[in-house]
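Please look through the sequence and the model below before reading on. The report that follows moves from the whole protein to some of its parts.

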Amino acid sequence: MVDNITLKCYDKEVYHHLRYGTFVEKSNWINGRWYDKLVLNNGKSGDDAHDLIIEFYEDFMKIYGSIRKWYYGATSLDDLTKTDLEKAWRKVAKRLGISFDTLRTFEISVIEIGLNVPFDMECVEMIHRIRAFKSKCYELNDSRPTCRKFVSGFFTAKIYDKIAEINKDNRNVLIRNPDLYPEKNALRVEFTLKGGRRKVLSRLKVGTLGGLLEEYTRIVNFFWRNCQAFAFDNIGRRPSFRPKRGSLKELTDYFVILGLASLSHAELDGYTGLLSKGAQRDFRKWLRRRHEREKDYLYPDYRIEFTEAIKWHLIDLIRLNNRQRRDNIDL
């Protein structure tokens with residue numbers, strides 16, 4: 001679940017060891033005016049190659065990048081279990097020539113928590129239904145057919161088509177090799193906390209890599225709670241006419257809802273914006289009443305489809321982690 005992360009270290013011995021040590025080839029260094037940079041590759045080739053970056057400033061250093069891509073490969077859609085997350089950081093510590101206990105003390109400055117969730121429906125269809133997150137303080141920062149991104153202060157909620165992103169960044173590797181991921185629809189749901197250790201600690205209740213590994217259940221609960229904060233617009237699929245009393249009004253109401261079903265949320269907002277402010281308020285009240293009547297015409301509940309898919313993928317991830325733990329014990 002943990003993906004992109006930024007860790008900071010203020011330990012002078014570790015700083016000296018990593019900046020002036022001879023355990024890496026000189027070609028891995030990038031010299032800059034304000035800082036030096038160390039590129040730590042994952043040892044994979046081609047489209048699966050991925051780097052973690054270590055930057056050295058005057059009195060601290062930071063390591064950042066996608067630990068998931070670094071461990072599994074850039075084109076992988078596998079999500080890190082708790083067991084694999086620890087294995088990945090143990091591998092990093094070994095490559096850097098420091099103890100894992102030392103690495104555990106590094107402070108979390110930025111953390112991204114997310115899942116790649118397989119969907120039966122097209123990702124763009126689900127993304128199209130998402131209209132808000134939590135409250136009005138979360139502004140819609142990115143709105144495309146393949147992405148919705150909501151931002152408020154130091155917190156970001158984002159949903160996008162993962163397959164489309166990989167194809168864009170890796171020269172259509174999945175199109176050239178469709179067997180790499182049989183499921184063509186993978187919805188990426190992720191939440192990012194930034195702003196330094198205090199901001200992360202206040203939201204997540206963990207502030208170091210060691211705390212992250214010890215309190216991993218908090219990560220799962222944090223992700224699950226936020227997944228339920230998305231607001232969905234169910235308008236968009238053709239409704240089925242199911243009259244209860246066989247009245248003419250039921251039929252005319254159905255025709256109105258059928259017309260609304262042909263418009264996206266953005267289109268409705270665009271038309272509403274042409275009205276005066278008073279008329280906009282009246283129209284939105286009218287639209288809310290129509291939304292209530294949608295239940296009579298058997299609209300699909302996108303929220304249920306969304307949360308159910310995430311719930312079962314989370315369960316699969318937890319089961320996989322339990323099997324990995326048992327295998328490690330058996331060894």
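Buried residues make up 47% of the 331 residues in the protein, where buried means under 20% relative accessible area, exposed means over 50%, and partly exposed lies in between (1.4 Å probe, protein chains only). This is a predicted model, in which local features need pLDDT of at least 70 and side-chain atom pairs count only at pLDDT 80 or more, while totals for chains, interfaces and linings use all residues. Residues are numbered from 1 along each chain as its sequence is written, and side-chain values use heavy atoms, with hydrogens and water left out.

The predictor's confidence in each residue is given as pLDDT, from 0 to 100; its mean for the protein is 84, and 85% of the residues reach 70 or more. The protein has 14 helices and 12 strands, which are DSSP runs numbered from the N terminus (helices: H or I, at least four residues; strands: E, at least two). The table gives the elements with the lowest and the highest mean pLDDT.

| Element | Residues | Mean pLDDT |
|---|---|---|
| helix α7 (lowest) | residues 173-176 | 50 |
| helix α4 (highest) | residues 100-103 | 95 |

Which residues have the most contacts inside the largest nonpolar core? They are Trp 89, Phe 230 and Phe 306, in a core of 71 residues; such a core is a set of buried Ala, Val, Leu, Ile, Met, Phe, Trp, Tyr and Cys residues joined through side-chain atoms within 4.5 Å.

Strand β3 (residues 36-41) is largely enclosed by the rest of the structure, because five of its six residues are buried. Six bridges join β3 to strand β4 (residues 51-56), and the two run antiparallel; strands pair if DSSP finds at least two bridges between them. Within this pair, Leu 38 stands opposite Ile 54 in β4.

Most residues other than glycine have a negative phi, and most peptide bonds are trans. Lys 134, however, has a positive phi, near 60 degrees, and this residue lies in the loop between β7 (130-133) and β8 (139-144), where Lys 134 counts as partly exposed at 47% relative accessibility. Lys 205 also has a positive phi, near 70 degrees, and its place is in the loop between α8 (197-204) and α9 (209-214).
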